[in-house]
Amino acid sequence: MNTDELEILDKEYPTSFLETLFEHNQRIVHVKIQALDWQERVLREIQGIVRNGTYGADGSSNVRRNLSLTFSTRDRENVKIISYLTPGVKINLFIGLENLTTMYREDKIIWFPMGIFVLTEPTLSHTTESTQLTISAQDKMSMLNGTLGGKLTTPISFTQRVNGTTVSMPWREIFLNTAILFGNEDPAKVVVDSVPDYIQEYTQVKSVGGLKDTFIHVNAPAQVDGERIITRAWSPTIPETEIKFSKNERLYKLRRFGPLDPIASNSSNIEPYMKDVGETVTSVFDDIVEALSNTHEYFYTRKGDLIFQPIPNYINQTFDPDEDEGLGYFSYELNMEDFIPNYLGLPFTYDFSNKKTITRYDNNPTYTNIKNDFVVTSSTGQILEIAIDDRPEIREIKEWFIGVAKDFNAASPQMSFIQKDGVQREPYNPLTNTVPFEFREAVKGKSPVYVDVPLDKIPWQVALGLKNYYIRNIYGGASPWILPRWGQECESMIFKYTASADKTSYNPNTGIFNPANIYIGEPWLAGYPISQSASTETETEQLDYSNPIFTAVGDPAFWSYYLDLIDTKTALGKYSIALIGKRQETAHSEMATTLFRTNPTEMVVVTETELAELGGDSILDDLKAQSQAYAVIKDINDQLFLPEALTGEDKGRVPYVNITGDPAKLQELKYAYQFTGGGFSVNVGGKFEGSFLTNEDGVGNEKDANIFITNYTYKHPITKVTYTQTTTSQIQAPWYYQNEDSNKDDFTEYAFLAFILNKNSRCPGSGSSNHFALIKHNDKGQWFYGQGNKWTQFTFNANTDVIVAVAEQTVYKGEYTFGSHRIDVFNDLFNIRDSKLGDMFTVDGAVDCFSTIRNLIYQRTNTADVITLSVLPVYSLEPNTLIYVEDEETEIMGMYMITGYTINLNTQGTPLMNITAVKANPRI
């Protein structure tokens with residue numbers, strides 16, 4: 001084949017010309033086959049031999065194209081076709097239309113590439129009347145999914161070594177390596193689209209005891225209080241040294257997008273991402289699709305390229321927050337347009353309205369698929385319900401309350417439920433547009449509390465719940481048939497304190513709307529946003545779901561049940577409960593831990609080590625180019641904790657009982673002692689890196705009452721100054737007990753190991769450590785240090801000196817009183833340890849019920865309107881693209897998305913194309 005012919009096969013034509021070509025009143029169809037070797041080089045070209053066949057394209061399958069052809073048995077050169085259509089040959093199929101238009105006259109035949117195929121089942125038939133060859137073929141995915149090939153012959157571990165550590169490869173590299181190394185695909189023909197090397201993963205900062213609530217820059221002003229862990233930061237609006245984040249804040253954690261890194265330890269074990277012998281290449285691809293929340297697909301294009309890309313149905317993607325800023329998955333404000341796809345970005349490929357090329361229209365909606373009440377439950381007990389139904393309007397509910405006020409007044413006995421405190425109230429106040437609600441029931445000694453709820457400042461759910469509350473109390477709970485639809489559900493969403501059974505205490509219910517937060521003072525009056533007055537005819541509410549009208553300061557992690565309605569007036573209204581009855585769909589999400597995913601702070605946090613593994617400063621450059629704020633934090637930071645000696649069985653005896661301080665409240669440890677005429681309090685703890693050995697000399701020999709100390713580093717708990725000794729040292733305890741008090745029972749003599757500032761000058765002869773000495777005090781508050789075999793008095797400096805351990809000797813009473821002369825117990829009191837800052841983030845709340853329910857709504861509504869068209873073939877059409885169709889008789893009108901099609905390839909008669917498509921509803 002010459003170069004000119006190749007250029008014609010790959011030539012691109014404008015849509016206007018193709019429409020003219022496809023709609024011409026004459027058609028002469030040609031079918032061309034190229035036989036390719038395994039490297040997809042053309043071996044020979046065959047024309048004029050196809051008798052009939054079928055070509056199919058399925059937009060939901062990874063095997064995107066299937067082919068069945070019936071040939072003459074010999075080509076134009078009288079060579080048997082079966083002789084060169086062998087298992088080692090691929091087929092490149094082209095369909096051509098003779099150009100009978102007045103445009104592009106230089107191209108006599110307009111060729112359309114239909115795909116590269118691999119033979120699966122050839123059949124050579126010979127009868128008394130004819131001989132023919134029939135082949136079945138699939139696109140090249142059959143070589144990767146196990147149909148013809150693609151099974152792994154050895155176990156594969158998708159890991160790599162980075163800085164001496166075994167880590168998992170990113171998903172992008174896993175896809176490329178799998179396709180090229182194990183799928184034997186040409187690297188130039190593998191295209192990976194929208195699979196990031198790293199992602200901004202939704203996360204929450206844990207509440208970690210022993211760390212301050214706020215994390216600030218290491219160079220933040222001295223007066224700013226917080227854990228100084230941020231080493232580098234950038235924001236488009238905040239100076240670097242002012243950037244900070246806090247415990248429980250939700251933000252983004254930057255991490256490499258791949259399987260979890262392998263870990264093997266006593267506490268946890270994560271196996272590397274592996275595939276076993278016999279598993280398929282496509283099983284790897286499927287795992288990557290799942291990691292991307294099933295928002296991506298892989299298939300072979302018409303030109304034989306293996307492509308991995310987002311599924312073009314425009315359901316919002318959930319794996320990457322940057323993909324869609326308005327995504328309900330990341331913002332718990334209910335935006336109904338997120339329930340169905342946005343087709344506006346899809347390519348509009350063909351207009352089938354008023355076309356004579358269509359021979360048949362079929363409108364065959366799948367009514368059994370339609371649902372209109374969707375309920376999703378989470379593993380932590382939350383329930384989210386979204387239904388398609390008539391949504392009550394505040395204006396209508398207000399008119400109902402006005403009617404109640406006409407029928408009843410403050411003197412009516414039916415109004416006793418809003419007068420339990422003895423105060424007469426009207427059911428509706430027209431001056432303030434409010435209705436009273438019993439927010440807190442009466443308990444012993446306390447009257448009930450009523451709040452006036454303004455109807456023009458509340459969501460419709462609160463208004464309907466109030467209506468339900470009034471109907472129940474006016475007409476009695478025994479008349480459920482008069483309650484409004486969804487009224488009971490909405491009333492359950494209103495927060496209220498209910499009295500306990502014995503009327504002694506309050507029990508808060510699980511409602512999420514707190515009317516007291518609306519009722520009590522400013523600033524809600526000035527700041528609560530609605531788009532326009534809720535009493536207008538066409539009001540539209542745009543609520544701020546972080547407003548304190550909601551309990552727990554608007555945090556949906558604390559909400560247990562939420563209901564919202566897609567109104568009948570919207571595009572999905574034809575499926576509403578009001579029109580076709582309730583059709584419920586339920587689902588349970590094991591992964592979900594919240595109803596809605598809270599909107600996070602727009603900041604990325606990454607540790608210094610994580611940043612280096614991701615690629616270093618180039619990652620920060622990328623973030624800055626995207627105007628994305630970031631904070632690089634230290635890998636390790638000091639964390640306060642309570643020593644084991646203060647938590648176990650010793651905590652109740654002397655001297656441990658005299659040590660106080662709660663690290664969870666960031667309190668330092670103090671040892672306090674009271675004596676006649678005074679007392680003292682001294683510091684305890686610090687951070688120590690090294691080891692202690694007792695009753696030995698460090699080389700394996702016993703040495704009574706000796707403390708051997710390895711080389712060490714010690715950090716002062718107050719000044720944070722670090723002290724180091726690079727040699728080993730020893731301290732001898734001067735244990736002895738003279739027969740002074742033979743009447744005294746057995747007891748424990750204790751002393752403290754202490755950090756003594758300028759120890760060598762203040763405590764000479766106290767051992768070879770430069771910083772530590774053994775000390776004790778008497779019942780008069782006087783301090784002594786161990787000097788050789790005696791205790792020598794000295795002055796303990798409560799500002800600089802620190803107790804770091806307790807050493808104990810047991811003293812026995814017999815005929816003579818004597819001590820063990822050993823260190824029987826040694827308990828360190830260090831209270832500062834390393835905290836791995838990369839571990840203080842959790843993804844709790846990252847998976848929510850809303851992300852499940854929005855997919856259910858799409859599957860059970862948007863895919864219900866199915867049509868099929870029989871048309872003269874439009875060979876350029878692809879699955880998952882848009883067409884426009886109109887047919888008054890079958891009530892087909894609007895945009896439809898092609899899900900698949902088949903083309904008849906017969907050379908006799910009129911070949912047809914049968915298209916299946918679903919209605920592309922506009923966004924609500």
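Q: Which residues of α14 are buried?

A: A residue is called buried when its relative accessible area is under 20%, exposed when that area is over 50%, and partly exposed in between, as found with a 1.4 Å probe on protein chains only. In this predicted model, local features need pLDDT of at least 70 and side-chain atom pairs count only at pLDDT 80 or more, while totals for chains, interfaces and linings use all residues. Residues are numbered from 1 along each chain as its sequence is written, and side-chain values use heavy atoms, with hydrogens and water left out. The buried residues of α14 are Cys-849, Phe-850, Ser-851, Ile-853, Arg-854, Leu-856, Ile-857, Tyr-858, Thr-861 and Asn-862. Because 10 of the 14 residues of α14 are buried, this helix is largely enclosed by the rest of the structure.

Q: What covers the buried residues of α14?

A: Helices (H or I, at least four residues) and strands (E, at least two) are DSSP runs numbered from the N terminus, and contact means heavy atoms within 4.5 Å. What covers the buried residues of α14 includes the elements β24 (373-378), β25 (383-389), β30 (561-567), β31 (584-589), β55 (892-904) and β56 (913-919).

Q: What span should helix α14 have?

A: The expected span of a helix is 1.5 Å times one less than its number of residues. For the 14 residues of α14 (residues 849-862) this gives 20 Å, and the end C-alpha atoms are 20 Å apart, which agrees.

Q: How many salt bridges does the count come to?

A: A salt bridge is a side-chain nitrogen of Lys or Arg within 4 Å of a carboxyl oxygen of Asp or Glu, and by this rule the count comes to 42. One of them joins Arg-860 to Glu-585, with the closest N and O atoms 3.4 Å apart. Arg-860 lies in helix α14 and Glu-585 in strand β31, so the pair ties together parts that are 275 residues apart in sequence. Arg-860 is partly exposed, with a relative accessible area of 22%, whereas Glu-585 counts as buried at 14%.

Q: Where do Lys-496 and Glu-438 lie?

A: The side chains of Lys-496 and Glu-438 meet in a salt bridge at 3.7 Å, N to O. This pair links distant parts of the chain, for Lys-496 is in the loop between α7 (487-491) and β28 (497-499) and Glu-438 is in strand β26 (residues 434-440), 58 residues apart. Both Lys-496 and Glu-438 are buried.

Q: Is Leu-211 buried or exposed?

A: At 2% relative accessibility, Leu-211 counts as buried, and its place is in the loop between β12 and β13 (214-217). Not counting residues up to four places away in sequence, Leu-211 touches Glu-227, Lys-247, Asn-637, Asp-638, Gln-639, Leu-666, Ser-835 and Leu-837. The C-alpha atoms of Leu-211 and Asp-638 are separated by 7.9 Å, although these residues are 427 apart along the chain.

Q: Which classes of residue are found in the lining of the second largest pocket?

A: Ala, Val, Leu, Ile, Met, Phe, Trp, Tyr, Cys and Pro count as nonpolar, Asp, Glu, Lys and Arg as charged, and the others, Gly among them, as polar. On a 1 Å grid over the protein atoms alone, a pocket is an open set of points where a 1.4 Å probe fits, with protein on both sides within 12 Å along at least five of seven lines, and lining residues have an atom within 4 Å of a point. The lining here has 12 nonpolar, nine polar and 11 charged residues.
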